[in-house]
Amino acid sequence: MNTPLDEKTIRTLRAGDIVYLNGVIFTMRDKAHSKALELYRKGGTLPVSIQNGVIYHCGPVVRKIGDKWEIISCGPTTSYRMEEYESELITEYNIRMIIGKGGMGERTVEALSKIGAVYASFTGGAGVLAAQKIVEVENVHWLELGIPEALWVLKVKDFGPLIITIDSHKNNIYSRIRSEAFRKLRDLT
Amino acid sequence: MIVEEDFLKAVKNLISKASLELPEDVIAALKKAYELEKTPSARAILNSILNNIQLAKTLRRPICQDTGLPLFIVEIGRNFNNCRIDYENILAKAVKEATKEIPLRPNCVDPLTDLNTGDNTGRMAPIIFYNFNDSDRLTVTYFPKGAGSENQTGLYMLTPSTPIKNIKKIILTHIVEKAALSCPPVIVGVGLGGGADTALYLAKKALLRPIGSKNQEPLLSSMESELLDLINKTGIGPMGLGGSTTALAVHIDYACRHTASLPVAVSMQCWAARRAQLVVSRNGDYTII
């Protein structure tokens, strides 16, 4: 799939689909989420437009060679930490895809469905594999938040495999597997 | 006798080995999991994991971008006779230099200022535990554990009358609750007894035991197999998306407890179970395993 993504295409995706991305993605963790929403409330603008964009929950390992940044390792971080911000970010900035690991809560599931967006999982810990799919660091903003927390603008090719784990129709693989696991545990013990 | 300069170099190599390469027992367990899994998502995940391990080793890059909060376990043989080494400073210096050279992600944040120290060192960082033994060697274990799995640690202060059946249920419930957020397939460490701190330390240290090694305590050995079997029957699977390998191993350690308390700690280790050990002999020769 190519970025920017549109609502119509996103609505065709179903939980369980496996996709690969070409284009631009933005890394955002706790602090970048909080800062983006604070700016929105104050009527400010972000240093880069994330409208209809793809947000990647990731804090990379980087190296600077001359004035060029190189991404060394960049797997996903635990998405649940962003739960308190995500629904607002999706709604206010029309985010089309969130990439992370571990899944997200009910508020995010609702926002994904309302806006027409999906949550996709990249294999946790596969940081070197992810870095191989980064063609270029287009830019970095908010470095004062620290390297992991900064907003990295990454140009990617064949970024994946991404498993669609929460689609725009409220199908959530994580919560399904989790309730089945609790049911099995009750039967087993 | 090892000189400080060589010791520093050795510790940097130790950090590098642990951050870039997974131990053979972990790789073998992950390969076995890949062969076992049937669903496209579980197979895609394990395939990504195995590719990633290979890429990290070939390209000399950290396996996971979360290179952990540096932690060392230093075991000093009573007959090693070289305790003049300034451990704290050399280990910290090795962390600083390795952070820049490998590079590692700067993960160390001062909780009072909320500022990243930038080099993975700071107050009480790196974390260092010291033990003594009767050998003539010095061993330094480097154990970089990511925050994803560390955040899923649990401590339960139970009443001593809690039956074993309930203890097992508490451990299993914790795992079902937390596994998906711990980058499974996981290794589960359990610390039984001691004080609250002992239980947590034992649970975490149990993660270092090689997969497939047998618990010397028959009672715990059978409890480990039973819990592993039950965890894998819950179907949480790789990355929590369904499958038959939620855990690669369960390791339990124990300590005598206060008559009035029964702490049980559960520590989760993601599939990127990184560990390496530096062994220095009396004459200064060293190996990293």
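B:Met157 belongs to strand β6 of chain B, which covers residues 154-158, strands here being DSSP runs of E with at least two residues and helices runs of H or I with at least four, both numbered from the N terminus. Together with B:Leu155 and B:Leu200, B:Met157 makes a nonpolar surface patch of about 250 Å². Such patches consist of residues with over 30% relative accessible area and no salt bridge, with nonpolar side chains (Val, Leu, Ile, Met, Phe, Trp, Tyr) joined within 5 Å and like charges within 9 Å; the accessible areas come from the Shrake-Rupley method with a 1.4 Å probe, and for residues only the protein chains shown count as cover.

## Basis of the description

The model is predicted, and local features need pLDDT of at least 70, side-chain atom pairs count only at pLDDT 80 or more, and totals for chains, interfaces and linings use all residues. Residues are numbered from 1 along each chain as its sequence is written, chains are lettered from A in the order in which they are written, and side-chain values use heavy atoms, without hydrogens and water.

## The interface of chains A and B

In this model, 43 residues of chain A are in contact with 43 residues of chain B, contact meaning heavy atoms within 4.5 Å. The area buried between the two chains is about 3500 Å², of which carbon and sulfur atoms give 67%; this is the accessible area (1.4 Å probe) lost on putting the two parts together, summed over both.

Across the interface there are 3 salt bridges, each defined by a side-chain nitrogen of Lys or Arg within 4 Å of a carboxyl oxygen of Asp or Glu. One of them pairs B:Asp114 with A:Lys31, whose closest N and O atoms are 3.8 Å apart. On the side of chain A that touches chain B, the elements giving two or more residues are β3 (61-65), β4 (68-73), α5 (127-132), β8 (151-166) and α6 (173-188), and α6(A) gives the most, with 9 residues.

## Backbone features

Most residues other than glycine have a negative phi, and most peptide bonds are trans. A cis peptide bond, with omega about 0 degrees, joins A:Gly160 and A:Pro161, and A:Pro161 is found in strand β8 of chain A. In chain B, a cis peptide bond with omega about -10 degrees joins B:Ile102 and B:Pro103, where B:Pro103 lies in the loop between α4 (87-101) and β2 (109-110). A:Asn94, although not a glycine, has a positive phi of about 50 degrees.
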